[in-house]
Amino acid sequence: MSKLQPEIDEYIKTNTTSTKKIEIDYIHGADEVISLGEKQNSLGVLLPPIEKESFFETISTLGTLPRKSFSMGEADEKRFYLECRKLFSN
């Protein structure tokens, strides 16, 4: 797993030009990844889920994970959490 993020970074670096910008987003939830990946000029990558109970063991065994993959839960749960934070942080 630790080899995925450097590959993504290198792809972005070598394929971004002044007229072509490559964007990447890290999201959770298979439905969201599939939906976004079906759009033109898009790619979705699904990684296998990691159980909370084996999170540290997985990192110890396989190495570091891609950016933002430490976050647990589904996309709709995160959206709810972030929207609530915005409401109560002001």
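Of the 90 residues in the protein chain, 11% are buried, where buried means under 20% relative accessible area, exposed over 50%, and partly exposed in between, with a 1.4 Å probe and protein chains only. This is a predicted model, in which local features need pLDDT of at least 70 and side-chain atom pairs count only at pLDDT 80 or more, while totals for chains, interfaces and linings use all residues. Residues are numbered from 1 along each chain as its sequence is written, and side-chain values use heavy atoms, with hydrogens and water left out.

On confidence, the mean pLDDT of the protein chain is 77, and 74% of its residues reach 70 or more; pLDDT is the predictor's confidence in each residue, from 0 to 100. The lowest confidence is in helix α4, residues 75–89, with a mean of 68, and the highest is in α2, at 88.

The protein chain has 4 helices and 0 strands, taken as DSSP runs numbered from the N terminus (helices H or I, at least four residues; strands E, at least two). Along the sequence the pattern reads α-α-α-α. Of the contacts between residues at least 6 apart in sequence, 46% join residues at least 24 apart, a contact being heavy atoms within 4.5 Å. The accessible surface is about 7900 Å², with 56% belonging to carbon and sulfur atoms; areas come from the Shrake-Rupley method with a 1.4 Å probe, and for residues only the protein chains shown count as cover.

Now the loop. Which residue there has a positive phi although it is not a glycine? Asparagine 41, at about 60 degrees, in the loop between α2 and α3. Most residues other than glycine have a negative phi. Asparagine 41 is exposed, at 79% relative accessibility.

Leucine 43 lies in the loop between α2 and α3 and is exposed, at 74% relative accessible area. Its C-alpha is 9.4 Å from that of isoleucine 24, 19 residues apart in sequence. Leucine 47, in the loop between α2 (30–37) and α3 (55–62), is partly exposed at 40%.
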